[in-house]
Amino acid sequence: MFRRYSERRERIKQRRETCEPLEPATLTRQAIESYTKSWLPMWIWSKEPPIADLDHSLNEVYLWHGTPVRQGLAIAQDDFKILAGSGNGSMFGEGLYFAESCTKADEYARDDTGHYSDVRALLLCRVCMGSIHYTTEPESDALQKFLDGERDSTLADLADARRNTFREFVVYDAEQVY
């Protein structure tokens, strides 16, 4: 999975060189940057850092993905898949939807049945957004900007449009997610 992700990130880097930065930075980036080593015992920090460095010139970020538990387990085992005609992701086209806020991602983490009844899954994912199409309105044809090679992803800032919600991040290639 990581090899495919790294290869896709490298293709974006070769095509784009650098991308217009996210403004404001994602909540997850702000949290990581404000996190200090002094909060954890030294024995933890003497090993590998718990979160890998990101390439911010390609808008590589950590984002949340909410899903039912069984789907989360399938993603962990077999990677993300974009299912055409699934009915998911109609607001900005068929793609993989993420949020910088776990509160927003939790809206998609529906209860499962059986053993996982009343359990929800949130996955913290490494996402290479690349060149971002920015919108403040629902755009079901946002996918076309990716298909035309114009952009690598979509950032839906509906909060900016005074809708009292969080930003949503959409990628249209599963290889942009790890």
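Rings of Phe, Tyr and Trp (its six-membered ring) pair if their centres lie within 6.5 Å; planes under 30 degrees apart count as stacked, over 60 as edge-to-face and the rest as tilted. By that rule, ring pairs join Phe2, Tyr5 and Tyr178 into a cluster. This is a predicted model, in which local features need pLDDT of at least 70 and side-chain atom pairs count only at pLDDT 80 or more, while totals for chains, interfaces and linings use all residues. Residues are numbered from 1 along each chain as its sequence is written, and side-chain values use heavy atoms, with hydrogens and water left out.

**Aromatic pairs**

- Searching the whole structure gives six aromatic pairs.
- One of them, Phe2 with Tyr178, is edge-to-face, at 4.8 Å centre to centre and 70° between the planes.
- This pair links distant parts of the chain, 176 residues apart. Phe2 sits in helix 1 (residues 2-16), and Tyr178 in the segment after strand 6 (168-171). Helices (H or I, at least four residues) and strands (E, at least two) are DSSP runs, numbered from the N terminus.
- Phe2 has a relative accessible area of 33%, so it is partly exposed. Tyr178, at 43%, is also partly exposed. Buried means under 20% relative accessible area, exposed over 50%, and partly exposed in between (1.4 Å probe, protein chains only).
- Phe146 and Tyr172 form a tilted pair, because their ring centres are 5.7 Å apart and their planes stand at 35°.
- That pair also links distant parts of the chain: Phe146 is in helix 6 (residues 143-147) and Tyr172 in the segment after strand 6, 26 residues apart.
- Both Phe146 and Tyr172 are buried.

**Surface patch**

- Met1, Phe2 and Tyr178 make a nonpolar surface patch of about 280 Å². Patch residues have over 30% relative accessible area and no salt bridge, and nonpolar side chains (Val, Leu, Ile, Met, Phe, Trp, Tyr) are joined within 5 Å.
- A salt bridge is a side-chain nitrogen of Lys or Arg within 4 Å of a carboxyl oxygen of Asp or Glu.
- Met1 lies in the segment before helix 1. Its relative accessibility is 39%, so Met1 counts as partly exposed.

**Ser101**

- Ser101 is in the loop between strand 2 (96-99) and helix 5 (102-106).
- With a relative accessible area of 7%, Ser101 is buried.
- The Ser101 side chain reaches the backbone nitrogen of Thr103 at 3.1 Å.
- Leaving aside residues up to four places away in sequence, Ser101 touches Leu27, Trp64 and Phe166. Contact means heavy atoms within 4.5 Å.

Methods: Polar contact = N/O pair within 3.5 Å; in protein donor to acceptor, adjacent residues only side chain to side chain. Patch = residues over 30% accessible without salt bridge, like charges linked within 9 Å, V, L, I, M, F, W, Y side chains within 5 Å. Areas by Shrake-Rupley, 256 points an atom, 1.4 Å probe, with all protein chains shown as cover.
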